[in-house]
Amino acid sequence: ITKPVYNYTEDGYFRFDFMVGIGYEDNIEEAINLIKQIINEAKDTYEDELHQNFVMASDLGVSTVNLKVHFWIKTFEYGMDALLVKGRVVSKVKAALLDNNFNLPADIKEIKLYGTQTGIPVNVTMEKT
């Protein structure tokens with residue numbers, strides 16, 4: 001198999017997941033609790049004993065602690081409407097994390113100088129706002 005295989009079950013439930021990276025200095029448990037709260041309050045997400053929403057620390061990235069978010073929706077129509085629910089959840093999670101002063105760092109890039117190079121033609125200046 002060269003492409004992902006998706007099993008669209010006939011029970012009317014579909015689980016989405018996505019990854020979000022927080023800064024190493026951030027409190028993982030606080031972030032997880034905030035994200036779970038957002039998922040549980042989001043319109044069109046679903047949870048019962050068999051379909052539980054959860055968030056877990058997944059791995060340690062280059063510049064982030066990656067949290068994997070899993071949540072369910074109840075639908076027989078996996079398509080645009082289901083994807084829009086996921087988009088709303090992702091947007092609300094991002095906004096809530098930023099509103100609560102969590103860092104969402106970009107990947108760190110490393111610049112190396114080789115050979116006879118002694119510098120790079122880049123200047124960095126800080127402007128006060």
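His70 is in contact (heavy atoms within 4.5 Å) with Arg15, Phe16, Asp17, Ile39, Asn53 and Phe54, leaving aside its neighbours within four places in sequence. His70 lies in strand 4. The model is predicted: local features need pLDDT of at least 70, side-chain atom pairs count only at pLDDT 80 or more, and totals for chains, interfaces and linings use all residues. Residues are numbered from 1 along each chain as its sequence is written, and side-chain values use heavy atoms, with hydrogens and water left out.

**Burial**
- His70 has a relative accessible area of 6%, so it is buried (buried means under 20% relative accessible area, with a 1.4 Å probe and protein chains only; exposed is over 50%, and partly exposed lies in between).

**Strand pairing**
- Strands here are DSSP runs of E with at least two residues, and helices are runs of H or I with at least four, numbered from the N terminus.
- Two strands pair if DSSP finds at least two bridges between them.
- Strand 1 pairs with strand 4 in the antiparallel sense, over 10 bridges.
- Ile22 has Val65 in strand 4 as its bridge partner.
- Strand 3 (residues 54-60) also runs antiparallel to strand 4, joined by 6 bridges.
- A hairpin of 4 residues links strand 3 to strand 4.

**Nonpolar core**
- A nonpolar core is a set of buried Ala, Val, Leu, Ile, Met, Phe, Trp, Tyr and Cys residues joined through side-chain atoms within 4.5 Å.
- The largest one has 25 residues, and Ile35, Leu67, Val69, Phe71 and Leu97 touch the most other members.
- Strand 1 (13-22), helix 1 (28-41), strand 4 (65-74) and helix 2 (80-99) each supply at least two residues of this core.
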